[in-house]
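Please open the model in your viewer and keep the sequence alongside it.

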Amino acid sequence: MSNVKVQGSQTAEFLVSEGNGQISREHIVVKAGPALPSGQVLGVTSTGEYAPYDNAANDGSEVAAAVLYAPLPASEAPRSATGIVRLAEIAAARLTGLDAAGRTDLAERHMIVR
């Protein structure tokens with residue numbers, strides 16, 4: 001019998017480095033939905049709320065615009081959160097939902113995926 005436990009992503013575990021102070025961070029609102037891990041790649045919907053990045057969407061979330069700083073629980077209402085939105089180096093292996101197009105989108109915001 002095994003007692004191995006798997007620990008989820010920790011807050012900001014994906015950050016290699018960020019700008020001085022908190023210049024890389026913004027207060028954001030994430031739309032209602034399932035629980036999201038720290039490191040979730042996000043896009044901005046037409047309503048101004050952030051949602052998990054989906055390159056096939058057509059509501060604005062098809063453009064990667066931020067990375068979720070800390071995990072969020074599931075909710076039926078929009079959630080307040082912190083996002084990394086600029087000037088950061090990010091570990092690709094610690095991100096959720098990243099693809100080649102998302103990597104390019106993040107680079108345009110000066111977020112370098114390593």
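This is a predicted model: local features need pLDDT of at least 70, side-chain atom pairs count only at pLDDT 80 or more; totals for chains, interfaces and linings use all residues.

Next, show the side chains of Phe-14, Leu-15, Val-67, Ile-84, Ile-90, Leu-95 and Leu-106, which, of the 15 residues in the largest nonpolar core, touch the most other members. Strand E5 (64–68), strand E7 (88–90) and strand E8 (111–113) each supply at least two residues of this core. Apart from it lies another core, of 11 residues, and Val-30, Leu-42, Leu-72 and Ala-81 are among them. As background to this stop, nonpolar side chains in soluble globular proteins tend to be buried together.

Return to Phe-14 and display its surroundings: setting aside residues up to four places away in sequence, Phe-14 touches a list of residues including Ser-38, Gly-39, Val-67, Ile-84, Ile-90 and Leu-95. Glu-89 and Arg-94 are also among the residues that Phe-14 touches.

Move on to the loop between E3 and E4, and select Thr-45 there. Is Thr-45 buried or exposed? Thr-45 has a relative accessible area of 8%, and it is therefore buried, the cut-off for that term being under 20%. A polar contact of 2.8 Å joins its side chain to that of Thr-47. Not counting residues up to four places away in sequence, Thr-45 touches Lys-31, Ala-51, Asp-59, Gly-60 and Ser-61.

Finally, select Glu-49, which is found in the loop between strand E3 (41–44) and strand E4 (50–52). With a relative accessible area of 22%, Glu-49 is partly exposed. Which residues is Glu-49 in contact with, leaving aside its neighbours within four places in sequence? They are Val-29, Lys-31, Gly-43, Val-44 and Pro-78. For Val-29, draw a distance between C-alpha atoms in the viewer: those of Glu-49 and Val-29 are separated by 5.3 Å, although the two residues are 20 residues apart along the chain.

How values were computed
Residues are numbered from 1 along each chain as its sequence is written. Side-chain values use heavy atoms; hydrogens and water are left out. A nonpolar core is a set of buried Ala, Val, Leu, Ile, Met, Phe, Trp, Tyr and Cys residues joined through side-chain atoms within 4.5 Å. Buried means under 20% relative accessible area, exposed over 50%, partly exposed in between (1.4 Å probe, protein chains only). Helices (H or I, at least four residues) and strands (E, at least two) are DSSP runs, numbered from the N terminus. Contact means heavy atoms within 4.5 Å. A polar contact is a pair of N or O atoms within 3.5 Å; within protein, one must be able to donate a hydrogen and the other to accept it, and residues adjacent in sequence count only if both atoms are side-chain atoms.
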